[in-house]
Amino acid sequence: MPQLNPNPWFSIMLLTWFTFSLLIQPKLLSFTSANNPVNKTMTTKPIPWTWPWT
Amino acid sequence: MNLSFFDQFSSPYLLGIPLILPSLLLPALLLPSPGHRWINNRLSTIQLWLTHLITKQLMTPLNKAGHKWALLLTSLILLLLSINLLGLLPYTFTPTTQLSMNMALALPLWLATLLTGLRNQPSASLGHLLPEGTPTLLIPALILIETTSLLIRPLALGVRLTANLTAGHLLIQLISTATITLLPMMPSISTLTALILFLLTILEVAVAMIQAYVFVLLLSLYLQENI
C-alpha cells in the first residue's frame, strides 16, 4: 500500500501543519463579521430640507 | 511498470518534483481572503456564513474555555472539507488518503486535548477512566479497557478518515474500470454499472463531508471531556 511508504511521511506531516496553521488560519481570522441588522422602524418620516448653497 | 489499483494513492511526483506541496496548498488557496470592506462579494459572504454555521455548531456544546479552540477546529474542518471534496474530481490526488497527513493532524490535536485536561483538571480527566455506577469487581478491568480506548483514539481518528476516503476512491476506480471493460461486451450491464457509479459518487460526496465533520466533532468531544 503506497500510503505506508515512509519516504514522504515527514514532508507530508510538515506541509500539512504549514498549510493548516500558516495559510488557512490567518485567512479565517481576517474575516470580520458585521452585526445582525437591527429591526427598528422609523417613527417619524424625515422632513426634506434644502441645502444652504447660498 | 504495470499500475495496480493502489497506485492512485502514492504521493505524486513529476520529474522528481514532489507534487504533495501544490496538492496541499491548492485547497487552501481556493478559500478567498476577504477584501477590506464591510460587505464583501458573494463568495466571501457565503464563506463567512458557512464559517459561522460551522463555528456555532461546534462551539455550542463547549464551555467558555473551549471557545479558544474555535479557530483551530473551524479551520481544520474547512481544510478537510475542501481537500475531501476536491479529491472527488477525476485525476486529482487526495492528501487525506495519506495516513501520514491524518495521523499528523489527529495525534497532536488529541494529545493537546489530553494534556489540557491533565494539566487543568487532572482528577476529573483521570476520572473519565471509570464510568459511574460500575460494579466494584469490574473496576480494574474497566480501567484497563477505558485506558486502552483512550490511547487508541488518535489511531482511530486518523485511520478512520484514511480508510473511508481510500475505500471510496478505490471503489470508484474499480466500478469505473468495470463499466469501461463491460462496454464492448455487455452494454446493458455496463449501463447498470454506470448507474451504480453515479450513486456511488453521490455517496462519496456525502462521505467526504461527513468524515471531515466526524473528525472535528470527535476532537471537540474529546475537548469537552477535558476542558
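User: How far apart are the end C-alpha atoms of residues 69-93 of chain B?
Analyst: The span is 68% helix and 0% strand, where helices (H or I, at least four residues) and strands (E, at least two) are DSSP runs numbered from the N terminus. Bear in mind that this is a predicted model: local features need pLDDT of at least 70 and side-chain atom pairs count only at pLDDT 80 or more, while totals for chains, interfaces and linings use all residues; side-chain values use heavy atoms, with hydrogens and water left out. On labels, residues are numbered from 1 along each chain as its sequence is written, and chains are lettered from A and ligands numbered from 1 in the order in which they are written. End to end, the C-alpha atoms of residues 69-93 of chain B are separated by 29 Å.

User: What feature does UniProt place at those residues of chain B?
Analyst: The record is an unreviewed entry, its positions are in the numbering used here, its feature names are shortened, and its annotations may be inferred rather than shown by experiment. In the model, residues 162-183 are 95% helix and 0% strand, with end C-alpha atoms 32 Å apart.

User: How much area do chain A and chain B bury between them?
Analyst: Buried area here is the accessible area (1.4 Å probe) that two parts lose on being put together, summed over both. Carbon and sulfur atoms account for 79% of it, and A:Gln3, A:Leu28 and A:Phe31 supply 22% of what chain A buries against chain B, more than any other three residues. The contact (heavy atoms within 4.5 Å) draws on 23 residues from chain A and 37 residues from chain B. The buried total is about 3000 Å².

User: How many residue pairs are in polar contact between chain A and chain B?
Analyst: A polar contact is a pair of N or O atoms within 3.5 Å; within protein, one must be able to donate a hydrogen and the other to accept it, and residues adjacent in sequence count only if both atoms are side-chain atoms. With both residues at pLDDT 80 or more, the count is four.

User: Where is the salt bridge that turns up in the whole structure?
Analyst: The rule wants a side-chain nitrogen of Lys or Arg within 4 Å of a carboxyl oxygen of Asp or Glu, and across the interface of chain A and chain B it finds zero. Over all chains there is one, and it links helix H7 (residues 153-182) with helix H8 (residues 187-226) of chain B, between partners 72 residues apart. The N to O distance is 3.4 Å, and the pair is B:Arg153 and B:Glu225.

User: Is B:Arg153 buried or exposed?
Analyst: The scale runs on relative accessible area: buried is under 20%, exposed over 50%, partly exposed in between (1.4 Å probe, protein chains only). B:Arg153 has a relative accessibility of 17%, so it counts as buried.

User: Which residues of chain B does A:Pro8 touch?
Analyst: A:Pro8 sits in the segment before helix H1 (9-29) of chain A, and is buried at a relative accessible area of 8%. Not counting residues up to four places away in sequence, A:Pro8 touches B:Ser11 and B:Tyr13.

User: Which backbone oxygen lies 2.5 Å from a polar atom of the side chain of B:Thr116?
Analyst: B:Thr116 belongs to helix H4 (residues 99-120) of chain B. Beyond its neighbours within four places in sequence, B:Thr116 is in contact with B:Trp69, B:Gln121, B:Asn226 and B:Ile227. The oxygen in question is that of B:Ala112.

User: What is the phi of B:Tyr91?
Analyst: Most residues other than glycine have a negative phi. B:Tyr91, in the loop between helix H3 (70-86) and H4 of chain B, is exposed at 88% relative accessibility. Its phi is positive, at about 65 degrees.
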